[in-house]
Amino acid sequence: MGPVPTPNHEDLARYLEQNDALTKPWLLLQLRLSRLKEEKDSLGAEEYLRRVQDAHEDLMRLGTFWRGREAELFGRG
């Protein structure tokens, strides 16, 4: 069995829209990274690195987003 193909950013966006997930910042970040992966070859090394670093900073800021909202966001509690 080969590797499972990764959906492109358009398929992922459509999935998020159909499943009412556009308000979930961790999924929007996944969409952003998917698009960045697709654009990698057309970007210069410095621009690509800058965008990856920007995405990383946004991901780290999500740490505070979760606090106290685990049950609401993940249906546990």
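Tyr48 lies in helix α3, which covers residues 45-66. Helices here are DSSP runs of H or I with at least four residues, strands are runs of E with at least two, and both are numbered from the N terminus. The model is predicted: local features need pLDDT of at least 70, side-chain atom pairs count only at pLDDT 80 or more, and totals for chains, interfaces and linings use all residues. Residues are numbered from 1 along each chain as its sequence is written, and side-chain values use heavy atoms, with hydrogens and water left out.

**Overall build**

- The protein has four helices and zero strands.
- Read from the N terminus, the order of elements is α-α-α-α.
- The radius of gyration is 15 Å, whereas a compact globule of 77 residues would have one near 11 Å. That radius is taken over C-alpha atoms, and the globule rule is 2.2 Å times the number of residues to the power 0.38.
- The C-alpha trace spans about 45 × 30 × 25 Å along its principal axes.
- Take the contacts between residues at least 6 apart in sequence: 40% of them join residues at least 24 apart. A contact means heavy atoms within 4.5 Å.

**Surface and charge**

- Of the 77 residues, 17% count as buried. Buried means under 20% relative accessible area, exposed means over 50%, and partly exposed is in between (1.4 Å probe, protein chains only).
- The accessible surface comes to about 6300 Å². Carbon and sulfur atoms hold 53% of that surface. Areas come from the Shrake-Rupley method with a 1.4 Å probe, and for residues only the protein chains shown count as cover.
- There are 12 positive and 14 negative side chains. The centres of the two sets lie 4 Å apart. Lys and Arg count as positive, Asp and Glu as negative, while His and the chain ends are not counted. Each charge is placed at NZ of Lys, CZ of Arg, CG of Asp or CD of Glu.

**The core and the α1-α2 pairing**

- The largest nonpolar core has five residues: Leu12, Leu16, Ala21, Leu27 and Leu31. Such a core is a set of buried Ala, Val, Leu, Ile, Met, Phe, Trp, Tyr and Cys residues joined through side-chain atoms within 4.5 Å.
- Helices α1 (9-18) and α2 (25-39) each supply at least two residues of this core.
- Leu31 touches His9, Leu12, Ala13 and Leu16, leaving out residues up to four places away in sequence.
- Ser34 sits in helix α2. Ser34 counts as buried because its relative accessible area is 11%.
- Beyond four places in sequence, Ser34 touches Pro7, Asn8, His9 and Leu12.

- Glu17 belongs to helix α1. Its relative accessibility is 57%, so Glu17 counts as exposed.
- Asp20 is in the loop between α1 and α2. Asp20 has a positive phi of about 50 degrees, although it is not a glycine.
- Asp20 counts as exposed because its relative accessibility is 63%.
- Leu22 is also placed in the loop between α1 and α2. With a relative accessible area of 39%, Leu22 is partly exposed.
- Leu22 touches Leu16, Glu17 and Leu28, not counting residues up to four places away.
- Leu22 and Val52 are 30 residues apart along the chain, and their C-alpha atoms are separated by 21 Å.

- Tyr48 counts as partly exposed because its relative accessibility is 24%.
- Setting aside residues up to four places away, Tyr48 touches Leu36, Lys40 and Leu43.
- Glu17 and Tyr48 are 31 residues apart along the chain, with their C-alpha atoms separated by 27 Å.
- Phe65 is placed in helix α3. Phe65 is partly exposed, with a relative accessible area of 22%.
- Beyond its neighbours within four places in sequence, Phe65 is in contact with Pro25, Trp26 and Leu73.
- Phe65 and Pro25 are 40 residues apart in sequence, but 8.9 Å apart in space, C-alpha to C-alpha.
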